[in-house]
Amino acid sequence: MRISALTIAGSMALAGWVISPVQAQLPGLPNLNIPTPSPLKQPSENAVVSKCVRLDGRCLFEIAAPTSQLPQRIQEIEQRLQDISRTYFKNQNAELEFRQEEAEGESNLPEIYISLLDEEGDPFKEVRLMSVTNQDAQLTEVPIETRADEIIEQLDQQLPQAKQERQPDVLTNRVIIAVGTGVAMIVASLLISRWERRLKRSKQLLEPSESNTAPISTQLTQNQQRNVKEVLHRLLQLTQGVIWVGGSLFILSLFPYTRPLQVLILASFRIPIRVGIVGLGTYVIIRLSYALTDRFSSAIARTHLLTPEGAQRAQLRVSTVSGVTKNIITLSFSGIGLLVALAAIGIDIGPLLAGAGIIGLGLSLASQNLIKDAINGFFILLEDQYAVGDVIGVGDVGGFVEKINLRITQLRDAEGRLITIPNGEVRIVANLSSNWSRADLNIPVTYQADVDKALDLVRHVAHEMVMNQMWRERILDQPDILGVDDFGDRGFIIRVWIKTQPLKQWEVAREFRRRLKAAFDEAGIRLSLPQQALWFNNTLPTQSLSNGHSNGNSYHDSQPKYAEID
């Protein structure tokens, strides 16, 4: 567990390290300050917003203006900057000169001019770049003249650096870095792919089988390990993708000609990246919560494994509560993740939460049956009325409990039908497998059989079955031979109770009937069959009736006759 945690932390650190090249200092990558307005809440036309002025995709400085004017202002400044930059880049001996002047007219705003000087120091080209406004100064909360000096200082640093990046020796070094980065990406990808294959094989060994008879604590420990490995597997997949995407963006950022493409890609996919990061974080938290739930449940299960009956009951209850807890965790963190994702893309979730509260109040009034189901489901789990794996009867239906959550219980009956019951409808429930079960046998024996001999034979068969090693594990106590329980139309009834493991009563009853039938056949004792008894009272004359006439009133043999008809 500790190694897996270190591995997960290492994978997340590696992913963060690969993403960081977009702001790394080597070799002078741009600061990607790209505003992302909310898709549901657009700023008004008079609202003041800020944006970067860029050259070769690198942010030189920020300016501010009303929303309706900012794009045009950015476009004009960048066009003038590109015009002067092209001439500056082509002329190897050109020098830059910046100056600040006050604009003519009533505004008196400082204006920035860029001049190109030849070898003799004479200007041969000059461009008025921009006017610095009060809104620009408010970005850094400095006087307007100071803001103009800051912009000039940033231009004086960035433009020579952009010219230096276009030198052949620098481009050659960048090509070498790009090739090395590509090789490192391939090697890292191969290593992670190999690690993923090993992790996948180890995860397959932990997959549960249909015939898994391991104790519940062992199963929960395996589930915990499987969830941790699932988290690690997803993080490795993320790292694989980040290596290729981040490495490609890093290579694009190395060259001034491709850097604008990098900025465009990041600006286009910023919202999907944010949503993806939130989604991945939510998935990792849910999976780790699964692992913690299994670990906690495993610890609880070990404390209840004191008796065979308690162990089996604990297995059913822990597995059921663990499954319901995971469902609650999934719903809770999915909802939180959705809200975080909305906040990450710039949507104000305050009104959404307020609206959700009002909607929730309305739904609570309209969905009282759902609330009733959830409350009843909670008490079913709390009181351990039944769990997954029990056989229960609810009203006119019954079957094997396949699934239970706070809202519904699903049963599978003897005909294979899946029956879904809202928990609010579960009022009286008969649990046929809680802690232990009982095989209740009614054995019909013909009236002509010797009662004591039949009882001794039933005791003998029960004793032999208990002494058998295979059936001893299923039978918890000595069978109770209750004796002759009833007289029926088929014969007298011998009743037997056999206490068994949960859900083993039908299996034990079938085997007991098979053994008892063989023993009765050997002893010559017949099991009763449906029969009727007829009594004849012979009151006819001594002479037989002939031609429909009687010969008088003489009778004989007036005793009743008895006969059985099988």
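User: Why is Arg198 called exposed?

Analyst: Arg198 has 55% relative accessibility, and exposed means over 50%, so Arg198 counts as exposed. The model is predicted: local features need pLDDT of at least 70, side-chain atom pairs count only at pLDDT 80 or more, and totals for chains, interfaces and linings use all residues. Residues are numbered from 1 along each chain as its sequence is written, and side-chain values use heavy atoms, leaving out hydrogens and water.

User: Where does Arg198 lie?

Analyst: Arg198 belongs to helix H5, residues 168-205; a helix here is a DSSP run of H or I with at least four residues, numbered from the N terminus.

User: What makes the positive surface patch?

Analyst: Arg194, Arg197, Arg198 and Arg201 form the patch. Patch residues have over 30% relative accessible area and no salt bridge, with like charges joined within 9 Å; a salt bridge is a side-chain nitrogen of Lys or Arg within 4 Å of a carboxyl oxygen of Asp or Glu. Arg counts as positive, and the place of its charge is taken as CZ.

User: Why is Val183 called partly exposed?

Analyst: Val183, in helix H5, has a relative accessible area of 48%; partly exposed lies between under 20% (buried) and over 50% (exposed), so Val183 is partly exposed.

User: Which residues make the nonpolar surface patch?

Analyst: Val175, Val179, Val183, Val187 and Leu191 make a patch of about 440 Å². Nonpolar side chains are joined within 5 Å, and accessible areas come from the Shrake-Rupley method with a 1.4 Å probe.

User: How many residues does the chain have, and what percentage count as buried?

Analyst: The chain has 566 residues, of which 37% count as buried.

Key. Helices (H or I, at least four residues) and strands (E, at least two) are DSSP runs, numbered from the N terminus. Buried means under 20% relative accessible area, exposed over 50%, partly exposed in between (1.4 Å probe, protein chains only).
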